[in-house]
Amino acid sequence: MQLTHILLLTATLVIMEIAVTLFHRHVMHGIGWKWHASHHERGAGRGWERNDWFAVVFAGATILLFILGGSHAGVWWIALGITLYGLLYGLLHDVLTHRRFGPNWQPRHAYLRRLVAAHRLHHAVRSREGGVSFGFLYAPPVETVRRQLRSRQVRQ
Ligand SMILES: [Zn+2]
Ligand SMILES: [Zn+2]
């Protein structure tokens, strides 16, 4: 493992969060709403959701990247960064926030509490438009998200 590989891994995590936030805002709440709507329905997070197809597609694309990475070390490390992002996403979004796999775990750490609270506010909007806080590993301060939500509801 070289320093460049660690940097590549870290940069991939940061870029993934930015890319996924934009993807969530413009694609999942846009043309991909057909799949994502299932995740905004009441009682979402129990059993299979159509929204889970996004994870399947991303996993498939990452496997292809690993195959390509067989001959390019840089690509392999980027693929590892994407996989790590996927694991963190699954842990923070599916396990911690939506409790899809059981444990009713109340986080104590300020970062985790903020992430969960902000994502709950994302789910306060069940429609395609007017959403707030689209990130998964980063969330703005909860007060900011609340303010955005209020100003959007006034406008609608
Ligand atoms: Zn959403
Ligand atoms: Zn969610």
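Hi everyone, let me start with one residue: Y89 is buried, with a relative accessible area of 19%. The cut-off for buried is under 20%, so Y89 falls on the buried side of that line. Please keep in mind throughout that this is a predicted model.

Where does Y89 sit? It belongs to helix α4. Setting aside neighbours within four places in sequence, Y89 is in contact with D94, F136 and L137. For a sense of distance, take G32: it is 57 residues from Y89 in sequence, and their C-alpha atoms are 19 Å apart in space.

V95 is partly exposed, at a relative accessible area of 22%. Not counting residues up to four places away in sequence, V95 touches G90, R100 and F101. A19 is 76 residues from V95 along the chain, and 22 Å separates the C-alpha atoms of the two.

Now to the helices that pack against α4. Let's begin with α3. Helix α4 covers residues 73–97, and it packs with α3 at an angle of about 155°, the axes being 8 Å apart. That angle makes the two helices roughly antiparallel, because anything over 145 degrees counts that way. The crossing of α3 past α4 is left-handed. On the α3 side, the contact is made by T62, L65, F66 and L68, and on the α4 side by V75, W76, I78, A79, L80, I82 and T83. What classes of residue make up this contact? Nine are nonpolar and two are polar, with no charged residues.

Next comes α1. The axes of α1 and α4 come within 8 Å, and they cross at roughly 50°. That makes α1 oblique to α4, and the crossing is right-handed. From α1, the residues H5, L8, L9, T12, L13, M16, E17 and V20 take part. They meet A73, G74, W77, I78, L80, G81, I82, L84, Y85 and L88 in α4. By class, this contact of α1 with α4 has 13 nonpolar, four polar and one charged residues.

L92, H93, L96 and T97 of α4 make the contact with Y111, L112, L115, V116, H119, R120 and H123 of α5. Six of the residues in this contact are nonpolar, four are polar and one is charged.

Which residues hold the zinc ion called ligand 2? The protein donors are H39, H93, H98, H119 and H123, each through NE2, lying 2.0 to 2.3 Å from the zinc ion (ligand 2). In sequence, their spacing is H-x53-H-x4-H-x20-H-x3-H. Are H93 and H98 buried or exposed? H93 counts as buried at 3% relative accessibility, and H98 counts as buried at 18%.

The other zinc ion, ligand 1, is coordinated by the NE2 atoms of H24, H29, H36, H40 and H122, at 2.1 to 2.2 Å. Its donors are spaced H-x4-H-x6-H-x3-H-x81-H in sequence. Among them, H29 lies in helix α1 (residues 3–31), while H40 is in the loop between α2 (33–36) and α3 (52–68). H29 is buried, with a relative accessible area of 7%, and H40 is buried at 2% relative accessibility.

R99 has a phi near 50°, a positive value in a residue other than glycine. R99 is in the loop between α4 and α5, and it is partly exposed, at 28% relative accessible area. S133 also has a positive phi, near 45°, and is again a residue other than glycine. You'll find S133 in the loop between α5 and α6 (142–155), where it counts as buried at 8% relative accessibility.

Terms used. Residues numbered from 1 in each chain as written. Chains lettered and ligands numbered in written order. Predicted model: local features only at pLDDT ≥ 70, side-chain atom pairs only at ≥ 80, totals over all residues. Heavy atoms only, no water. Donors = N, O, S within 2.8 Å, 3.2 Å for Na, K, Ca; no water. Helix = DSSP H or I, 4+ residues; strand = E, 2+ residues; numbered from the N terminus. Buried < 20%, exposed > 50% of the residue type's maximum accessible area, 1.4 Å probe, protein only. Axes fitted to C-alpha atoms, helices over the stretch in contact; angles between N-to-C directions. Parallel < 35°, antiparallel > 145°, perpendicular 65-115°, else oblique. Left-handed = near helix turned anticlockwise from the far one by under 90°. Contact = heavy atoms within 4.5 Å. Nonpolar A, V, L, I, M, F, W, Y, C, P; charged D, E, K, R; others polar.
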